[in-house]
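Hello,

Here is the structure I said I would pass on. Please open it and keep it beside you while you read the notes below.

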Amino acid sequence: MAKHTEQKEKIVICKECQKPEYWGTMRWLEGRCLCRRCYRARWERLNQREYKWDDLDGPRPTMEEYQEQEAGKCVNTN
Ligand SMILES: [Zn+2]
């Protein structure tokens, strides 16, 4: 009965910048859950230097994808 559905990464909205981000890439810093963009900005402010690693790069979800995900929820909750 359980249909095999494509495992899409869940998209959440970052509370700091209101932009969509993949749940799996959200990071905790000082008790806040931040998207990669906010994490980087905050890290740089805290450490007073450039965040030079590339682990925060990669594709980011769009608002359209987030809305698609939210719309899909209503359809699939049988
Ligand atoms: Zn953010």
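In helix 1 of this predicted model, the buried residues are R36, C38 and Y39. They lie on the same side of helix 1, because the arc they cover around the axis is only 155 degrees. An α-helix has 3.6 residues a turn, so residues three or four places apart point the same way.

What do the buried residues of helix 1 pack against? Their partners are strand 2 (20-22), strand 3 (27-29) and strand 4 (32-34).

Helix 1 itself runs over residues 36-47, which is 12 residues. From its first C-alpha to its last it reaches 16 Å, close to the 16 Å expected at 1.5 Å a residue. Just after helix 1 comes Q48, with a positive phi of about 55 degrees.

Y39 counts as buried because 22 other C-beta atoms lie within 10 Å, and the cut-off is 20 or more. Apart from neighbours within four places in sequence, Y39 is in contact with R27, L29, L34 and L56. Y51 is 12 residues away from Y39 in sequence, and the two are 9.8 Å apart in space, C-alpha to C-alpha.

As for the whole protein chain, it has two helices and four strands, in the order β-β-β-β-α-α along the sequence. The chain has 78 residues, of which 10% count as buried. Of its contacts with a separation of 6 or more, 25% are between residues 24 or more positions apart.

Regards

Terms used: Residues numbered from 1 in each chain as written. Predicted model: local features only at pLDDT ≥ 70, side-chain atom pairs only at ≥ 80, totals over all residues. Expected span 1.5 Å × (residues − 1). Buried ≥ 20, exposed ≤ 12 C-beta atoms within 10 Å, placed from the backbone. Arc of directions from axis to C-beta. Contact = placed C-beta atoms within 7 Å.
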